[in-house]
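Trainee: Could we go through this model together? I would like to begin with the ligand site and then turn to the strands.

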Amino acid sequence: MATFLCRWEFSERGHYSLRKAADVLGIGRDNLVPVGVDADGRMRIDLLRDTMRDLQQRNIRPMAIVGIAGTTETGAVDPLDAIADVAQEAGCHFHVDAAWGGATLLSERERWRFAGIERADSVVIDAHKQFYVPMGAGMVLFRNPAWTQEIIQHANYIVRKGSVDLGRHTLEGSPGAAAVMLYANLHLLGRKGLAQLIDRSIDNAHYFASLIAQQPDFELDSHPQLCILTYRHVPETVRAALATASADRREKILDALDALTISIQEMQRDAGRSFVSRTQLMSTQWGGRPIAVFRVVLANPDTTHAILQDILDEHRALAAASPCMAPLMALVGAPDAA
Ligand SMILES: Cc1ncc(COP(=O)(O)O)c(C=O)c1O
């Protein structure tokens with residue numbers, strides 16, 4: 001029996017649904033090969049090419065390369081055109097995960113960010129994200145719609161030959177009518193209305209990033225490419241201590257800072273006035289170690305500049321009240337030999 005090994009290339013920031021897909025398809029998670037990203041969270045083409053060479057030397061033919069158009073955690077957009085070149089040279093399928101960012105294509109101002117997506121063999125876009133419809137309305141678009149014929153099913157009582165029922169080739173035989181919500185929204189808001197929402201959310205993200213950058217006690221950890229950004233509160237004394245600390249002490253301070261970030265986020269969630277999510281990122285700024293950060297998705301068009309200022313003020317107030325502040329300050333105040 002022939003052994004067929006297949007690899008998917010995807011960036012280190014790939015969504016966990018890629019692992020789910022590998023499970024469901026029986027490909028095996030070991031056959032998902034992550035490709036390193038640059039400081040902005042975009043797939044590095046030099047590393048992709050290294051990976052392709054390595055696989056070729058081991059006689060492994062990649063099945064697909066996955067580019068991400070808007071990563072979940074920081075909204076980074078992979079260099080899709082360059083990935084398309086690599087996929088074309090290797091003769092493998094080029095898939096784009098635009099689940100989160102796909103609606104950006106509606107914006108004439110922002111669409112350039114996705115240059116190369118038109119070369120994809122398949123693209124996933126979730127309408128329940130930036131098309132502003134309730135969950136769950138996912139779409140997969142194929143360059144060649146006839147590919148769905150490969151898995152088409154018929155029955156005698158339903159989906160007979162000639163049927164146009166989607167259930168012929170979706171996993172659920174009786175899929176919900178999620179398309180109605182998208183259809184309605186496209187008519188209510190239209191392409192222009194949705195594009196305005198996208199543009200406004202990206203403007204807001206840029207505004208918030210510049211506001212954070214002006215604060216002496218906040219650190220911007222990812223610059224917005226779409227409307228997501230990550231940052232954290234770093235009290236000025238902590239910032240000063242980090243700049244001069246020995247490697248060992250720096251690690252202890254960074255651990256305590258992570259605890260403070262997590263505690264602020266939980267306190268803010270529990271207080272219920274406002275909400276930011278949080279995640280963990282590999283930080284190039286801090287020597288490639290994971291750090292806890294706030295993650296903000298500015299998709300609500302009603303978010304004003306005053307609200308964004310309030311969020312930072314609330315972070316500060318919660319930090320002062322957090323039980324994690326005293327241990328952090330004790331570390332900062334301790335002599336470096338500690
Ligand atoms: C980039 C990306 N891909 C895939 C998904 C999976 O989305 P869902 O399971 O909601 O369809 C998400 C969800 O956040 C995402 O951000």
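Trainee: How do the residues of the shell around the ligand divide into nonpolar, polar and charged?

Mentor: They divide into two nonpolar, five polar and three charged. Here Ala, Val, Leu, Ile, Met, Phe, Trp, Tyr, Cys and Pro count as nonpolar, Asp, Glu, Lys and Arg as charged, and the others, Gly among them, as polar. Please note that this is a predicted model, in which local features need pLDDT of at least 70 and side-chain atom pairs pLDDT 80 or more, while totals for chains, interfaces and linings use all residues. Residues are numbered from 1 along each chain as its sequence is written, and side-chain values use heavy atoms, without hydrogens and water.

Trainee: Which residues surround the ligand?

Mentor: Among them are H15, S17, W100, D126, H128 and K129, each with a heavy atom within 4 Å of the ligand.

Trainee: How far is the side chain of D126 from an oxygen atom of the ligand?

Mentor: An N or O atom of the D126 side chain is 2.8 Å from a ligand oxygen, a polar contact (a pair of N or O atoms within 3.5 Å). For K129 the distance is 2.8 Å, and for H128 it is 3.0 Å.

Trainee: What share of the ligand's area does the protein bury?

Mentor: The protein buries 73% of the 390 Å² that the ligand exposes when taken alone, by the Shrake-Rupley method with a 1.4 Å probe.

Trainee: Turning to strand β3, how many of its residues are buried?

Mentor: Six of the seven residues in β3 (residues 62–68) are buried, meaning under 20% relative accessible area with a 1.4 Å probe, protein chains only. Strands are DSSP runs of E, at least two residues long.

Key: A polar contact is a pair of N or O atoms within 3.5 Å; within protein, one must be able to donate a hydrogen and the other to accept it, and residues adjacent in sequence count only if both atoms are side-chain atoms. Buried means under 20% relative accessible area, exposed over 50%, partly exposed in between (1.4 Å probe, protein chains only). Helices (H or I, at least four residues) and strands (E, at least two) are DSSP runs, numbered from the N terminus.
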